[in-house]
Amino acid sequence: MKKGDNFINKVKEKITVHDIERQTEDQVTITVDRNDLPEAVRMLYYDMGGWLSNMIPNDERQLNGNFALYYVISMEGGKMTPEDELPQEQKCWITVKTYIPANDPTFPSVTCKVPAAVWYEREAFDMFGLKAVGLPDPRRLVLSDDWPEGLHPLRKDAMDYRHRPDAVDHQDEPDYKFLEPSGSGVVDVPLGPLHITSDEPGHFRLYCDGDTIIDADFRLFYQHRGMEKLAENRMNYDQMGYLAERVCGICGYAHAIACIEAAERAVGIEVPLRAQAMRVICLEIERLHSHLLNIGLACEVTGNINAFMHIFRIREFTMELAQLVTGGRKTYGNVVMGGLRRDMSSAEIKKSLDLLVTIEQQLIEVWDAVMDDKAQVGRWKGVGILDRQVARDFSPVGPNVRGSGFARDSRHDHPYDFIDQLEFNVAVENGCDVYSRENVRYKELLESISIIRQCFEMMPGGQTIIKPQTMIKPGAFAIGNDEAPRGENVHWIMHGNAQKVYRWRCRAATYNNWSSLRYQFRGNTIADAALIVCSLDPCYSCTERVTVVDINSQKSKVLTHKDLKRYSQTLKNHPLKNM
Amino acid sequence: MKLLDMTRKYGNATYNYPFEPYKVPEGFRGKPAYDYEKCIGCTACAVACPSNAINVKLNEDKSKLVWEFNCARCIFCGRCDEVCPTNAVLLSDEFEMAVRFDKDNLKERGELDVECCQKCKNPFTTSKLISYDIERLKKAGWDEATLAEKTKYIRTCPECKKNIAVENSTQYFVRKRK
Ligand code: SF4
Ligand code: SF4
């Protein structure tokens with residue numbers, strides 16, 4: 001029996017499965033009727049211990065006259081209790097596929113049964129015009145509010161990628177409907193939409209009763225860049241990896257690897273061992289500098305600038321490490337299909353090992369000092385609780401879910417590259433709060449150092465690249481996964497003709513973390529809002545401007561970024577006192 | 001308090017940059033440096049470059065082949081360095097590339113003389129590429145006659161080569177049919 005067959009047999013007991021295709025040893029796709037889709041996904045998700053990792057709508061009208069949906073489910077066990085985990089040899093990816101006829105682009109919503117699908121189904125309508133019937137929240141997600149109705153950009157015949165619809169005048173822009181709780185005394189606090197320290201804009205609405213947040217909603221995707229469309233039209237595989245890298249300025253390498261490995265797996269390319277080891281090293285270096293950034297910011301948001309500076313001093317060593325391993329301050333510009341462009345010399349390996357010692361020593365020292373500071377720890381504890389059941393329903397990833405006691409780690413569940421030859425522990429904490437998430441990050445830093453060290457010590461010889469020969473099979477598809485600093489990145493690629501991709505779906509880690517954020521805000525104070533967002537590590541830690549509206553008195557007041565940050569850091573002189 | 005002690009222990013963590021240079025390790029992948037003297041205009045780098053930072057094409061009146069590198073597009077992957085047959089582009093350790101006001105200052109250009117096809121007289125490649133090829137052929141140790149024939153072949157543009165090949169093969173078919 002092959003991996004995943006036991007689950008598929010169980011699905012077959014209730015549902016007709018039309019087709020079973022195997023992409024790799026641990027990736028299977030089953031095709032079901034669109035009316036059976038919600039039940040099939042629910043069975044795999046709740047009954048058999050799956051988590052929703054990705055959902056790919058695809059315009060296959062050129063291939064078979066239909067649209068298709070692929071729900072990618074990671075079978076790893078529910079993990080609500082330590083025993084509730086599948087044995088390692090049963091873990092796999094099961095993709096539930098369904099066809100949607102071109103003349104009736106609707107399908108029954110899965111979200112009613114599996115809440116984790118909500119963002120994916122909203123996006124499916126925006127990008128492909130596929131309507132999820134029964135979707136509780138059908139608002140726009142990805143496209144901007146003034147994008148023309150009925151233009152679904154990822155449909156193959158929708159538009160040329162250069163097309164720019166006319167912009168709507170500022171005053172005529174439609175308003176986005178936020179989900180507002182009703183009731184007297186509810187104050188609406190918008191956070192954003194512009195954001196000055198990092199480059200990512202997002203608009204948060206916090207609904208407050210006094211100082212306490214009772215609900216929250218947000219609007220993102222102000223910076224949608226249309227990369228998926230770009231890749232389908234113009235890029236060849238030499239360029240794809242470098243485009244994927246530019247998804248993020250911090251953890252882009254993880255995207256490049258997930259993207260390229262999806263393409264490699266679809267056609268069964270084996271990468272040389274040395275390149276595998278180096279890919280793992282680079283991914284872990286990325287985790288080092290990203291986690292250090294996040295822990296630093298979590299200190300800074302709460303006013304501990306001193307700790308922030310020390311952590312950044314250490315972070316500089318990790319950038320130097322990246323320079324030794326890849327020749328650039330970031331690990332970018334190195335991944336190609338079939339391996340890596342640049343090899344390392346033994347002198348560089350020796351120097352890197354020395355650097356690791358320094359990083360480890362100083363990291364432990366700083367962390368001890370931060371933990372020694374009762375005020376700092378007090379600000380983190382009990383804040384931004386991610387409830388375990390909410391986590392189970394929404395499939396969050398990375399330190400966010402590991403801080404709530406779930407041992408979900410792509411390196412452990414779906415080992416890629418060299419990982420299965422290494423020893424490491426999955427860092428888990430049970431407090432469900434910001435403190436636990438930062439602790440997870442700290443533990444992971446130490447694990448990463450140990451992983452990098454093991455890789456250097458076991459570094460296999462030989463080439464770092466194979467000559468990929470006529471490798472593309474049109475229509476072949478596969479999943480590529482890796483554990484980025486913020487959680488599991490899952491990319492999906494279907495090959496097309498002429499060395500181009502037919503469809504590239506890039507699902508960044510934070511995409512899965514946003515939908516549960518609303519619940520994490522509830523019950524906290526405004527002062528902790530920035531910290532909670534920060535603890536998700538969405539490259540996001542502060543807001544430019546806040547308007548406060550008191551619904552009762554109809555008064556409003558504009559708070560600057562400085563006001564909010566000052567209050568967040570000092571907890572003195574409440575900015576709304578005089579309203 | 002522990003944090004303050006650490007500050008004393010480690011002292012200054014920053015460099016006095018830009019008043020003191022920041023040293024990058026050996027093997028750093030910096031801005032590709034172009035050596036005009038060595039370039040033969042083979043366009044291998046332009047084909048390999050994933051971000052289209054390098055363009056090699058004929059200028060408007062087709063009198064020169066222009067090699068142009070736009071550093072603002074470069075992602076420092078080093079593909080150009082890897083494919084260049086004459087080491088005319090090599091990654092350097094230079095990383096300070098800020099320019100004021102005009103991004104065109106980041107562009108580098110080199111103009112190479114072109115060579116015309118013996119048959120149709122249209123320009124098709126650079127003189128330097130032809131001499132490079134002939135140089136290589138001489139080293140391969142061919143006798144004079146073969147060398148002359150091969151040189152003639154090299155001096156013909158791809159379009160004419162194709163036509164000649166087609167002509168030759170039709171002759172062959174015609175004869176066979178008889
Ligand atoms: S380093 Fe890479 S991106 Fe830059 S010019 Fe060379 S090939 Fe192009
Ligand atoms: S590959 Fe080298 S020789 Fe050829 S055009 Fe580029 S720089 Fe010139």
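**Local geometry, domains, chains and ligands**

Colleague: Where in chain A is S395(A) found?

Modeller: The elements are DSSP runs numbered from the N terminus, with helices (H or I) of at least four residues and strands (E) of at least two. On that basis, S395(A) is found in the loop between helix 12 (388-394) and helix 13 (399-402) of chain A.

Colleague: What is the phi of S395(A)?

Modeller: This is a predicted model, in which local features need pLDDT of at least 70 and side-chain atom pairs count only at pLDDT 80 or more, while totals for chains, interfaces and linings use all residues. Residues are numbered from 1 along each chain as its sequence is written, chains are lettered from A and ligands numbered from 1 in the order in which they are written, and side-chain values use heavy atoms, with hydrogens and water left out. Most residues other than glycine have a negative phi. S395(A) is not a glycine, yet its phi is positive, near 55°.

Colleague: What is the omega of the peptide bond that joins Y17(B) and P18(B)?

Modeller: P18(B) belongs to the loop between helix 1 and strand 1 (32-34) of chain B. Most peptide bonds are trans. The bond that joins Y17(B) and P18(B) is cis, with omega at about 5°.

Colleague: Which residues does F424(A) touch, leaving aside those up to four places away in sequence?

Modeller: F424(A) is placed in the loop between helix 14 (410-413) and helix 15 (434-458) of chain A. Contact means heavy atoms within 4.5 Å. With residues up to four places away in sequence not counted, F424(A) touches D409(A), R411(A), H412(A), I419(A), E447(A) and I451(A).

Colleague: How many residues apart in sequence are the parts that K156(A) and E232(A) tie together?

Modeller: Side chains of opposite charge can pair when their charged atoms come close. The rule for a salt bridge is a side-chain nitrogen of Lys or Arg within 4 Å of a carboxyl oxygen of Asp or Glu, and K156(A) and E232(A) form one with their closest N and O atoms 3.1 Å apart. K156(A) lies in the loop between strand 7 (131-133) and strand 8 (186-191) of chain A and E232(A) in helix 5 (residues 227-234) of chain A, so the separation of the parts they tie together is 76 residues.

Colleague: How many residues does domain 1 of chain A bring to the contact with domain 3 of chain A?

Modeller: An automatic or database domain assignment supplies the bounds: domain 1 (5-152), domain 2 (185-223 + 511-570) and domain 3 (270-473 + 481-488) of chain A. The C-alpha centres of domain 1 and domain 3 of chain A are 30 Å apart. In their contact, domain 3 of chain A takes part with 17 residues and domain 1 of chain A with 22 residues.

Colleague: With which residue does D413(A) meet in a salt bridge?

Modeller: Three salt bridges cross the interface of domain 1 and domain 3 of chain A. In a salt bridge with an N to O distance of 2.9 Å, the side chain of D413(A) meets that of K79(A).

Colleague: Which element of chain B gives the most to the side that touches chain A?

Modeller: Chain B and chain A bury about 2200 Å² between them, 50% of it on carbon and sulfur atoms. Four salt bridges are counted between the two chains, including one between D372(A) and K2(B) at 3.9 Å. Helix 1 (2-10) and helix 3 (79-83) of chain B each supply at least two residues of the side that touches chain A. The most, seven residues, comes from helix 1 of chain B.

Colleague: How many charged residues are in the shell around ligand 2?

Modeller: Residues count as near a ligand when a heavy atom lies within 4 Å of it; 14 surround ligand 2, the closest being C39(B), C42(B), T43(B), C45(B) and C84(B). By class, Ala, Val, Leu, Ile, Met, Phe, Trp, Tyr, Cys and Pro are nonpolar, Asp, Glu, Lys and Arg charged, and the others, Gly among them, polar. The shell around ligand 2 has 11 nonpolar and three polar residues, and the number of charged residues is no charged at all.

Colleague: Which residues come nearest to ligand 1?

Modeller: The shell around ligand 1 has 11 nonpolar, two polar and one charged residues. Of the 14 residues around ligand 1, those that come nearest are C49(B), C74(B), C77(B), G78(B) and C80(B).

Technical notes: Buried area = accessible area lost by both parts, 1.4 Å probe.
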